Amino acid sequence: MSPTGIEIYKFLPRTNCGECGVPTCLAFAMSLAGGRAELSSCPYVSEETKLKLEEASAPPVRTVSIGTGIYSFKIGGETVMHRHEKRFEHQSGIALLLSDNLTETEQNTKLTAFNSFQYKRVGAILKPDMLALRADSGSSEKYLKLVKLAAEKCQASLMLICANTTVLDESLKICAERKPLLYAATAENSNEMAELAKKYNCPLVAKAKNLTDLAELTIKLQSLGIKDIVLDSSPASFKQTLADNIAIRRAAILKKFRPLGFPVINFPCLITSDHMKESLFASILTAKYAGILVLSDFRGETLFPLLVARMNLYTDPQRPLATTEGIYEINNPDANSPVMLTCNFSLTYFIVAGEMETSRVPCYLLIKDTEGLSVMTAWAAGKFGADTIGKFVKNSGIAGKVNHRKLIIPGYASMESGGLEEELSGWEIMVGPREAAHIPAYLKQFKP
Amino acid sequence: MAFETPKINYSGSIREITLGDGPKSVTVGGETALPFYLFEGDMPRKPKIAMEIQDTPPLDWPADALKPFGDAVNNPVSWAKKCVDTYEAKIICLQLESTDPNGLDRSAEEAAKIVREVANAVDVPLIVWGTANHEKDTEVLRKISEICPDKKLILGPVEEGDYKKIAAQAMAYKHTIIASSPIDINLAKQLNILLGNLGVPANEIIMDPTVSSIGYGIEYAYSVIERIRLAALTQQDERLQYPIICNIGREAWKTKEAKIPETESPELGNTEKRAIMIEAMSAAILLIAGADILVMRHPESMRLVGELMAELG
Ligand code: B12
Ligand code: SF4
């Protein structure tokens, strides 16, 4: 939440000397609040004030970066309680728990599987983010081996779950440049943990048994110079996890309570051994403020839905994703290839184009601008009717690309077929299936 | 000093509405806080799951969705009984698939006969869901109202385009109405006002804000439900203080990802479990937004969501 002009004004010298280029300090404050000026234009603000102002303009939930490279991710930076108020900024990171008690073969299998979990969907790659490496065996040798193996085999972000600071230090010698998340500083070990986090410049989880203690702990860690903190309130049930996450988010956003102004880590893996329930609960926590979710296992059938749900909840509600209007060539079409029509809602485009690709039938896809609305929504909003579609098809230039005059429209737009035959004289309008999943079968029997 | 959760100010509550009548009637609503925010308000009862059946054997349900019901899917009466007897369904939702003018186009009389038979066969509340075709639903739902005067049905979807005739008839026979609007808080409110003006009692309305599954626009449904709930609870908007129903089963099972065989895409995992997860997860997300009734298809996804609710409350 950026401070208002009035809030900034309080920090300025209030001498109205004009050296910043505007006549008064208030005017300068207003420009700053509006992002039209730089603080450095006023020669009279002290270093201390600068820091204070920076702090005041930081988001109520600190943004924490984890990892490096293609698997790095950011959490926090949130400014609202509900996505419709603006948007959720950084989607929850999804981590896989790996114990050093597993045999090396098991570890290898899981790491290989981790790398294979990548899904292409609506133009994005959906993948999990992190490996949570946990020292359970009590043997430093085993733990270091696991860290080494994981760092070698996977580019995933890492989290080191290890209570022994000596072993943790050793592990960091292996993987510090990957900027792993350290787990965890507690009231008992905060000094040593803070030292390690500073030495290797890594983010650090603060863990306490309730929110009061947690707030105290982060104050201590901050006084030790730690800025990148992730919160663990150690809830013992689903119910408590939800309650804690809400309390933390509210404290940060509604009360600007800085000690809890950090992203949160949750461990559904510790609360249930039922894999399906774990994923379900994780889906709720993506909506309810989890910064990181640690899961006990990844399986396609539960991970894929979770990744999709996460993407959905973190899309920007103020910006429907749209595709550019035009002719799209799929599977190298020629003059005899079928022509299909749809709207420019990205979701629709990717689903339909994906099915057309799957069919392996060369074809053209006409995308009409519907301002990012889906077929039926656009139709109901008057943006996908015979008149506008007719005009678009005529101007698109598709007539010059194919020898036939057959246009396949979405099954849900069947009511426009009569009107379209009138608008597009010479064209035969074919009503395609309703669901895109039936497009491959439809195209296979289609004769232009 | 001990940390205390910052509270938000709730000034309203959700109406309590009873579905059906007799000993198996089910009450929904009554919340005084956001869903499962039990640290600061009341949720006198958990949201309810209604089990979905069709009036004609489904042509487009994946085999995994049909399996739990065996031959019962060929007869709506046996299907409804199976749901109640085997799967302990507390509410049945009968989808009137056969009346779709773009499909079988069965007459209102035929549809009403089936509804009557199902209503006779089970004693749990019965939701009857049309095809959202205004002319046809008007005909069909009016006929059904008339033929089941002794059974308090829940009839939907009643939309701005067809509410007058359907609601008038439903009111005459004391059925409950599902007020359906396309994911828009203002349209939802507008329809509730229209129904109120027509004389529909406030305790006979359930809201359907329209939903879609994960991957197919659930975020729109999520946010509109959340907004409706916030307006009802924190701005005391009486016209939005109704329980919410989400007909989510069919949306989940029609997705492509609920059907892709594992052999084709091994990275998507077991097909049956994946489909169950898509249904259960869509339901879970709508639950945390504010759903009071979820219409669901598979006994296993119902079980999962039931257990999830138990853990949250
Ligand atoms: C999300 C949504 C919205 C979102 C918009 C999302 C978007 N970017 O389009 C919002 C909330 C903004 C919205 C608004 C409205 N909506 Co709306 N909306 C929906 C909802 C829930 C899902 C739509 C969706 O995203 N589907 C997913 C996409 C991928 O589907 P699709 O584009 O149809 O594509 C599929 C098929 O058509 C097919 N396909 C697509 N192209 C092609 C091409 C060929 C050749 C073939 C063969 C197949 C094919 O493949 C796809 C996958 O199977 C539906 C209800 C539902 N559950 O479907 C209502 C729905 C579409 N909306 C509806 C309405 C009425 C509206 C409004 C007019 C309400 C209003 N008066 O304000 C507004 C209009 C918007 C405006 N005025 O600007 C109605 C339409 C009713 C009708 N048929 O007349 C629906 C059906 C809800 C209902 N039952 O009442 N809506
Ligand atoms: S330069 Fe600084 S002190 Fe002078 S008017 Fe601008 S803001 Fe005020």
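Predicted model: local features only at pLDDT ≥ 70, side-chain atom pairs only at ≥ 80, totals over all residues.
Residues are numbered from 1 along each chain as its sequence is written, and chains are lettered from A in the order in which they are written. Local features need pLDDT of at least 70, side-chain atom pairs count only at pLDDT 80 or more, and totals for chains, interfaces and linings use all residues, while side-chain values use heavy atoms, with hydrogens and water left out.

## The eight-stranded sheet

Helices (H or I, at least four residues) and strands (E, at least two) are DSSP runs numbered from the N terminus. Two strands pair if DSSP finds at least two bridges between them. In chain A, eight strands build an open, parallel sheet in the order 10-9-8-7-6-3-12-11. Its edges are strand 10 (229–232) and strand 11 (265–266) of chain A, each of which pairs on one side only. Strand 10 of chain A is joined to strand 9 (residues 204–207) of chain A by four bridges in the parallel sense; Ala206(A) has Leu231(A) as its bridge partner in strand 10 of chain A.

## The five-stranded sheet

A second open sheet of chain A holds five strands in the order 13-15-14-16-17, with mixed pairing. Strand 13 (326–330) and strand 17 (428–431) of chain A have a single partner strand each, so one side of each is left without a neighbour in the sheet. From one strand to the next, the twist averages 30°. Strand 14 (residues 339–343) and strand 16 (residues 406–409) of chain A pair in the parallel sense over two bridges, and Met340(A) has Ile408(A) as its bridge partner in strand 16 of chain A.

## Helices on the sheets

Contact means heavy atoms within 4.5 Å. Axes are lines fitted to C-alpha atoms, for helices over the stretch in contact, and angles run from 0 to 180 degrees between N-to-C directions.

| Helix of chain A | Strands of chain A touched | Angle and reference strand |
|---|---|---|
| Helix 13 | Strands 13, 14 and 15 | about 175° to strand 15 |
| Helix 15 | Strands 13, 14, 15 and 16 | about 125° to strand 15 |

## The contact between chain A and chain B

The contact takes 50 residues from chain A and 52 residues from chain B. About 4,500 Å² is buried between the two chains, with 68% given by carbon and sulfur atoms; buried area is the accessible area (1.4 Å probe) that two parts lose on being put together, summed over both. Arg250(A), Leu280(A) and Glu301(A) supply 15% of the area that chain A buries against chain B, more than any other three residues.

A salt bridge is a side-chain nitrogen of Lys or Arg within 4 Å of a carboxyl oxygen of Asp or Glu. Six salt bridges cross the interface of chain A and chain B. Lys277(A) forms a salt bridge with Glu307(B), the closest N and O atoms being 2.9 Å apart. Helix 12 of chain A gives the most to the side of chain A that touches chain B, with ten residues.

## A salt bridge within chain A

Over all chains, the whole structure has 41 salt bridges. Arg249(A) and Glu78(A) form a salt bridge at 3.7 Å, N to O. Arg249(A) lies in helix 9 of chain A and Glu78(A) in the loop between strand 2 (73–75) and strand 3 (93–99) of chain A, so the pair ties together parts that are 171 residues apart in sequence.
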